[in-house]
Amino acid sequence: MRQHIRHGRRLALVLACIVLVALLALQVWSDGPVTRLDLHVTQWLAAHRTAWLTGFMLLVSAAHQTKWLLAATLALALWLGWRREWGQVVRLGVVPAGMLLNAGLKTVFQRPRPHLEDPLVHLLTLSFPSGHAAASTVFYGALCALAFARWRRGAVRAIALGLAGAMVLLVTFSRVYLGAHYVSDVVAGVAVGAVALALFLAPWGRGARGAAK
């Protein structure tokens, strides 16, 4: 019964995220109200930048480039392989898989980047869904799932979930603040990452060796 409930929740999450991305994509294609809200938020943030926050957001964004997250994922996979935790190594495939899924969707939707008079970043790639948002979601989601597989204590799991969520929010805010993405881009990116996590990480924590109670 519990397994059926878990499967039901996972399916509901996947369907909800797919519907969310579809609705946002429809808004982008039709130039709907969401796109006007996107532009308003982007322009407001551009008009209220501060030097210290700009520097910090640039650092956060640079640290979460695809190459660095993939390098960190590879390092973690090598460590888990050294410990012969092959199941966990395989499940880390959610990180590159989520990135590839998001990249494919970008080519479908073909949304240009925000255009600002004084841009902080200069990018020629596409905007929807956000690659940084999807990548940070699958990366920190995988780390959170690894923590869940190792520790059963509610406090530890709550901390892991909170930290993962905070990091995703920080990365997504940095992209909107810098003018690299609209709000709808990062929301869609997180949704894409959540779909990848739900599909890849179903068995995480089941039968994990040495899980602390």
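**Entry: a bridge across the chain**

I began with Glu85, which forms a salt bridge with Arg150; the closest N and O atoms are 2.7 Å apart. I count a salt bridge when a side-chain nitrogen of Lys or Arg is within 4 Å of a carboxyl oxygen of Asp or Glu. This pair links distant parts of the chain, 65 residues apart: Glu85 sits in the loop between H4 and helix H5 (86–91), and Arg150 in helix H7. Helices here are DSSP runs (H or I, at least four residues), numbered from the N terminus.

A note on the source: this is a predicted model, so local features need pLDDT of at least 70 and side-chain atom pairs count only at pLDDT 80 or more, while totals for chains, interfaces and linings use all residues. Residues are numbered from 1 along each chain as its sequence is written, and side-chain values use heavy atoms, with hydrogens and water left out.

Are Glu85 and Arg150 buried or exposed? Glu85 is buried, with a relative accessible area of 13%. Arg150 counts as buried too, at 17% relative accessibility. My cut-offs are under 20% relative accessible area for buried, over 50% for exposed, and partly exposed in between (1.4 Å probe, protein chains only).

Glu85 has another partner. Its side chain meets that of Arg83 in a salt bridge (2.8 Å, N to O). Arg83 is partly exposed, with a relative accessible area of 36%.

**Entry: the other salt bridges**

How many salt bridges does a search of the whole structure find? It finds four. I looked up Asp185 and Arg111, whose side chains meet in a salt bridge (2.8 Å, N to O). This pair also links distant parts of the chain: Asp185 is in helix H9, Arg111 is in the loop between H6 and H7, and they are 74 residues apart. Both Asp185 and Arg111 are buried. Salt bridges with shared partners join Asp38, Arg111 and Asp185 into one network.

**Entry: helix H2**

Asp38 took me to H2, where the buried residues are Thr35, Asp38, Thr42 and Leu45. They cover an arc of only 95° around the axis, which puts them on the same side of H2. The arc is that of the directions from the helix axis to the C-beta atoms. I noted the general rule: an α-helix has 3.6 residues a turn, so residues three or four places apart point the same way. On the other side of H2, I found Pro33, Arg36, Leu37, His40 and Ala47 exposed.

H2 (residues 33–47) has 15 residues and should span 21 Å at 1.5 Å a residue; its end C-alpha atoms are 21 Å apart, which agrees. The expected span is 1.5 Å times one less than the number of residues.

**Entry: helix H3**

H3 (residues 51–63) has 13 residues. It reaches 18 Å from its first C-alpha to its last, close to the 18 Å expected. Which residues of H3 are buried? They are Leu53, Thr54, Met57, Val60 and Ser61. Seen down the axis, these buried residues fall within an arc of 130°, so they line one face of H3. Ala51, Trp52 and Leu59 are exposed on the other side of H3.

**Entry: nonpolar cores**

I turned to the largest nonpolar core, which has 23 residues. A core is a set of buried Ala, Val, Leu, Ile, Met, Phe, Trp, Tyr and Cys residues joined through side-chain atoms within 4.5 Å. Leu92, Val94, Val95 and Val138 touch the most other members. The elements that give two or more residues to this core are helices H4 (66–82), H6 (94–109), H7 (131–150), H8 (154–177) and H9 (183–200). H7 gives the most, with nine residues. A second, separate core of 14 residues includes Val14, Cys17, Ala194 and Ala198.

The peptide bond from Phe128 to Pro129 is cis, with omega near -5°. Pro129 is in the loop between H6 and H7. Gln110 lies in the loop between H6 and H7. Gln110 has a positive phi of about 55° although it is not a glycine. At 46% relative accessibility, Gln110 counts as partly exposed.

Asp31 has a positive phi of about 55° and is not a glycine either. Asp31 is in the loop between H1 and H2. At 52% relative accessibility, Asp31 counts as exposed.
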